Amino acid sequence: MRTRSPGILLTLALSVALAACGHAPLPRSQASTTPPSVRNVIFMMSDGTPNEAWALTRWVKGARLASDGILTGAVQTYGADSIITDSAPGGTAFATGRKGTDKGIAVAPWRVTIAGVDANPAQAYAPLPTVLEGARLTGRATGLVATANIQHASPAAFSAHTFDRGRYNDIGEQQVYQDIDVVLAGGEQHLLPMADGRGVRQDNEDLVRVLQGKGYDFVRTRAQMHAASGTKLFGMFARDDMVYDLDRAQFAPDQPSLAEMTRKAIDVLSRSEKGQRHGFFLFVEGSKVDWAAHANDPAGVISDLAAYDEAVKVALDFARADGQTLIISTSDHGNGGLTIGRREATRYATTDDDSLVTPLRRATLTGEGLARLMAQDKSEAHIRDVLARHWGVQDLSAQEVQAIQTAPPQTWLQYVLGPMLSSRAGVGWTTNGHTGGDPFLYSFGPGQVSGLWENTALAHHMASVMGFDLPALQERLFVDAVPSLAALGLQAEVDRTQAANPVLRVRNSQGEEVRLPIHKNELLTAERTHELEGVVVWSDQTGKVYVPRQALTLIRAKLVR
């Protein structure tokens, strides 16, 4: 392990002392006093990663990780209403610089129970501007990469606004209309209509066709991604989430790795006209480390964390050559309470590396992969054969066989299988849920961060080095439309004639009208469609509709006489 310099150790000590006194670092508290030259920001996140998973992955790999050389601190992750945060408020903090309420996606908190969290009840549920939206308004190219469905909580927090992280169709529609240059992940079903059986959209819009009309190369396979040559790229490699990296060769060989998606995104963003002129912002998530930790499946945690580390290496290689790129890598929260060592162990003082790594190195599939193989056949002979071939487990007990046979299929079977591998490797877990500790912080490049940081402070730091202020964007992107339009003598109401396609209708006394579809960045008049610089957001919890200030200017010119 590399020895830290006295300066870094002092910074860490001061940060811990400040945190103990209840004072979080200011966004630039550990940055250079000389304003750094930052063109590009790459924010990377291994979702729900237990800190001890890094050591476990290093042991199993048998070599240092790319991330090891840029370890600089830790991140406080608590939300507005819980010390143990969810991915939605965790992502919201990183994206907006505000603590979030459980399940909220880039909206102001409405329930606050943690002391010291800043919240204005009048702003409850209001959309909050994100780092990605701010980067786009500076002229930068922007991108999202994930291994879950792209509508999942973390990427959603940078690109959409809703009180409920489960509203994947609404989130997907906002993402399509956010003018994001590169999107690579799973989740195609949320872009396609339910009526023809291709998707799950109840509004029956074909958002893939919309993307193609906007000039995107739309790709579905690894080969198509590599072949794409344009500067607007949308890749959906699965109907829902992508497979674990360990399972990819057997179940989804056409899916790219996280490292490949990261490399492609950086290439497209950096050579685009926007990237050449102003730089880019890229969010990258290793999504399913979290899912494996929920299932207490060490094979899934190790394989996807190692894959994430390979993506970090891709970003580092670019940043080292470029010299103007800030990388920040962390997790939104811990998960599972993973430990190297478990209560049942009797030889802690003589735990050797073979006893730990040998069972884990035998794993050629994750618990989810094994569940796929056993989905149609749960006979005892097949179960024993699958675990022997893919996990090297020869000593299944009758109770373990019965637990597998009676478990629900697919994902839930992973929750039964994971602990079986864990027990044989001496890996312990405390929970199937999230945990409240401080994940590791990694950083590299101009403006790099070190010490103990609030998750919210990282958002403000990224905004600062890219030249904008998040609170200042609030009035630019999200104006409470109805009272503002009433002040102009106009009537506005949300038309829900088509429940899945609400529209804000604005009329003057002469009966002239403009329409603003919810979740889109469009203002429709009888003559044309105006593209707005942000999406229209309806908070059905408060009945308020939020529009970019630009929309008010256009409406005034069209309807006010």
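Strands here are DSSP runs of E of at least two residues, helices are runs of H or I of at least four, and both are numbered from the N terminus. Two strands count as paired if DSSP finds at least two bridges between them. β21 and β22 have three bridges, in the antiparallel sense, and Val 537 is opposite Tyr 546 in β22.

Before going on, the ground rules. This is a predicted model, where local features need pLDDT of at least 70 and side-chain atom pairs count only at pLDDT 80 or more, while totals for chains, interfaces and linings use all residues. Residues are numbered from 1 along each chain as its sequence is written, and side-chain values use heavy atoms, with hydrogens and water left out.

Next, helix α22, residues 549-559. Its buried residues are Ala 551, Leu 552, Ile 555 and Leu 559. They lie on the same side of α22, because they cover an arc of only 100° around the axis, taken from the directions from the helix axis to the C-beta atoms. Buried means under 20% relative accessible area, exposed means over 50%, and partly exposed is in between, with a 1.4 Å probe and protein chains only. The general point is that an α-helix has 3.6 residues a turn, so residues three or four places apart point the same way. What covers these buried residues? The cover includes β15 (479-480), α21 (481-486), β17 (503-507), β18 (513-517), β19 (522-524) and β22 (544-547), with contact meaning heavy atoms within 4.5 Å.

Now strand β6. Leu 233 and Gly 235 point one way from β6, Phe 234 and Met 236 point the other way, and all are buried. Strand β4 (residues 182-186) runs parallel to β6 and is joined to it by four bridges, with Val 183 opposite Phe 234. β5 also runs parallel to β6, through three bridges, and there Phe 218 has Phe 234 as its bridge partner. β5, helix α8 (residues 222-227) and β6 form a right-handed β-α-β unit. Right-handed means that, with the strands pointing away from the viewer, the path from the first strand over the helix to the second runs clockwise.

Phe 234 also brings us to the rings. There are 14 aromatic pairs in the structure. Rings of Phe, Tyr and Trp (its six-membered ring) pair if their centres lie within 6.5 Å; planes under 30 degrees apart are stacked, over 60 edge-to-face, and the rest tilted. Tyr 216 and Phe 234 are an edge-to-face pair, at 5.9 Å centre to centre and 85° between the planes. Tyr 216 is in the loop between α7 (207-213) and β5 (217-219) and Phe 234 is in β6, so the pair ties together parts 18 residues apart in sequence. Tyr 216 is buried at 5% relative accessible area, and Phe 234 is buried at 2%. Another edge-to-face pair is Phe 440 with Tyr 442, at 6.3 Å and 85°. Here Phe 440 is partly exposed at 27%, whereas Tyr 442 is buried at 3%.

Ring pairs also link Phe 43, Phe 94, Phe 158, Phe 281 and Phe 283 into a cluster.
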